[in-house]
Amino acid sequence: MGSMEASTAPENGGTAAGGGGAACNGTGTASNGGGGVERRLRSSTASQAWAAHLPLEVGTRVMCRWRDQKLHPVKVIERRKGASSSSPADYEYYVHYTEFNRRLDEWVKLEQLDLDTVETDVDEKVEDKATSLKMTRHQKRKIDETHVEQGHEELDAASLREHEEFTKVKNIAKIELGRYEIDTWYFSPFPPEYNDCPKLFFCEICLNFMKRKEQLQRHMRKCDLKHPPGDEIYRSGTLSMFEEKHSEESYNLACILTLPPYQRKGYGKFLIAFSYELSKKEGKVGTPERPLSDLGLLSYRGYWTRVLLEILKKHKSNISIKELSDMTAIKADDILSTLQSLDLIQYRKGQHVICADPKVLDRHLKAAGRGGLEVDVSKLIWTPYKEQG
Ligand SMILES: [Zn+2]
């Protein structure tokens, strides 16, 4: 619902001209921006003082006008020279909104920044040194706190810093997929020759990607893939599932992604539920591959909560974590962490005991929200690997 209207992709007919303009959205208007910036700077004495300090240093903290038209605190992550002039005002800044997830980091123009609010970060130099020297606990925590991605706990501080440095700026700003133009969320490890294109064009059938619209159009005339690779193992209405890869490590799901135009329709929850139906058929417990992203963990926690608490509600007598695991194919560790996070576990006489007050269960179930699209197990036609010839 509403996804068609949400599309910002140019109409087919106007693509040759319109597409070029759209692609330049974030990067190509530095020359128009320059004049506006200078005018704006002259209008404010405080800003005039700051004009002498332009371009702003990486690490600077300042307020920035976001897409909601309100000012939000940002930290300058990177900067680049505008194409049109050598003026110090002609720079663009890659900023992290300190209140928001890193997926909203973006390039902004100087006129979006409120220069009256500029503060340079004096801690920055100390933090930089911290990677080569032994870090104090405070500095370590500071890096941990600013590191938004989850699951890199195993990296030491120096590798973490290197990883962050390499991935700090999104290399691709937008992609075009079918009739949608989609903003990207994070850095992605594309081959280096793709790094300077503002938009990549994807074939929505085979997911090949190209630098130019014309290349995609040429490709689309030849692309004759009729379905994703692998065997179709499930079909219900218009929804089909294809199977390709086998995990040696008993992960039942390696990577879960719902593209933005298709989000909030229950597909992510469907995928999680589906992966556990496969595990049940295999007679094994499953768990997602780590690290989980923030949104991934949220989806899984929701699923685990719904499934486990529904059972606890119906089950009158005592039930062990092992039994729960056998019934649901959810790994015991995941059951324990879910129930612990809901404060439903007590440790008594060396044993974990589940405390299941019906009212408490109902409250948690309500908070976990509804499940996604239903998996109709009767339509799953699949033979686990161990049973295959
Ligand atoms: Zn294709």
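I began with Leu207, which I found in the loop between S8 and S9, where helices (H or I, at least four residues) and strands (E, at least two) are DSSP runs numbered from the N terminus. I am working from a predicted model, in which local features need pLDDT of at least 70, side-chain atom pairs count only at pLDDT 80 or more, and totals for chains, interfaces and linings use all residues. Residues are numbered from 1 along each chain as its sequence is written, and side-chain values use heavy atoms, with hydrogens and water left out.

**The chain overall.** I noted 13 helices and 15 strands in the protein chain. Of its 389 residues, 38% count as buried, where buried means under 20% relative accessible area, exposed over 50%, and partly exposed in between (1.4 Å probe, protein chains only). I also looked up the contacts (heavy atoms within 4.5 Å): among those with a separation of 6 or more, 56% come from residues 24 or more positions apart.

**S8 and its partners.** Leu207 is not a glycine, yet has a positive phi of about 65 degrees, and the hairpin of S8 and S9 in which this residue sits has six residues between the strands. I recalled that most residues other than glycine have a negative phi, and most peptide bonds are trans. Which residues of S8 are buried on each side? In this strand (residues 199–202), Lys199 and Phe201 are buried on one side, and Leu200 and Phe202 are buried on the other, which leaves both faces covered. In general, the side chains of a regular strand alternate between the two faces of the sheet. I then followed the pairing, for which DSSP must find at least two bridges between two strands. S8 pairs with strand S6 (residues 174–177) in the parallel sense over four bridges, and Leu177 stands opposite Phe202. With strand S9 (residues 209–210), S8 runs antiparallel and is joined by two bridges; here Phe201 has Met210 as its bridge partner.

**Helix H8.** In H8 (residues 213–222) I listed Lys213, Leu216 and His219 as buried. They lie on the same side of H8, because they cover an arc of only 120 degrees around the axis, the arc being that of the directions from the helix axis to the C-beta atoms. Arg221 and Lys222 are exposed on the face turned away from that buried side.

**Helix H13.** For H13 (residues 358–368), the buried residues I wrote down are Leu361, His364, Leu365 and Ala368. Seen down the axis of H13, they fall within an arc of 100 degrees, so they line one face of the helix. An α-helix has 3.6 residues a turn, so residues three or four places apart point the same way. What do the buried residues of H13 pack against? Their partner is helix H10 (294–314), while Lys359, Arg363, Lys366 and Ala367 are exposed on the other side of H13. At the start of H13, I found a side-chain oxygen of Asp357 within 3.0 Å of the backbone nitrogen of Lys359. Just after the helix, Gly369 takes a positive phi of about 75 degrees.

**Other backbone entries.** Arg290 and Pro291 are joined by a cis peptide bond with omega about -5 degrees, and I placed Pro291 in the loop between strand S13 (287–288) and H10. Gln69, a residue other than glycine, has a positive phi near 70 degrees; I located Gln69 in the loop between strand S1 (61–65) and strand S2 (71–81). Is Gln69 buried or exposed? Gln69 is exposed, with a relative accessible area of 54%.

Notes
A polar contact is a pair of N or O atoms within 3.5 Å; within protein, one must be able to donate a hydrogen and the other to accept it, and residues adjacent in sequence count only if both atoms are side-chain atoms.
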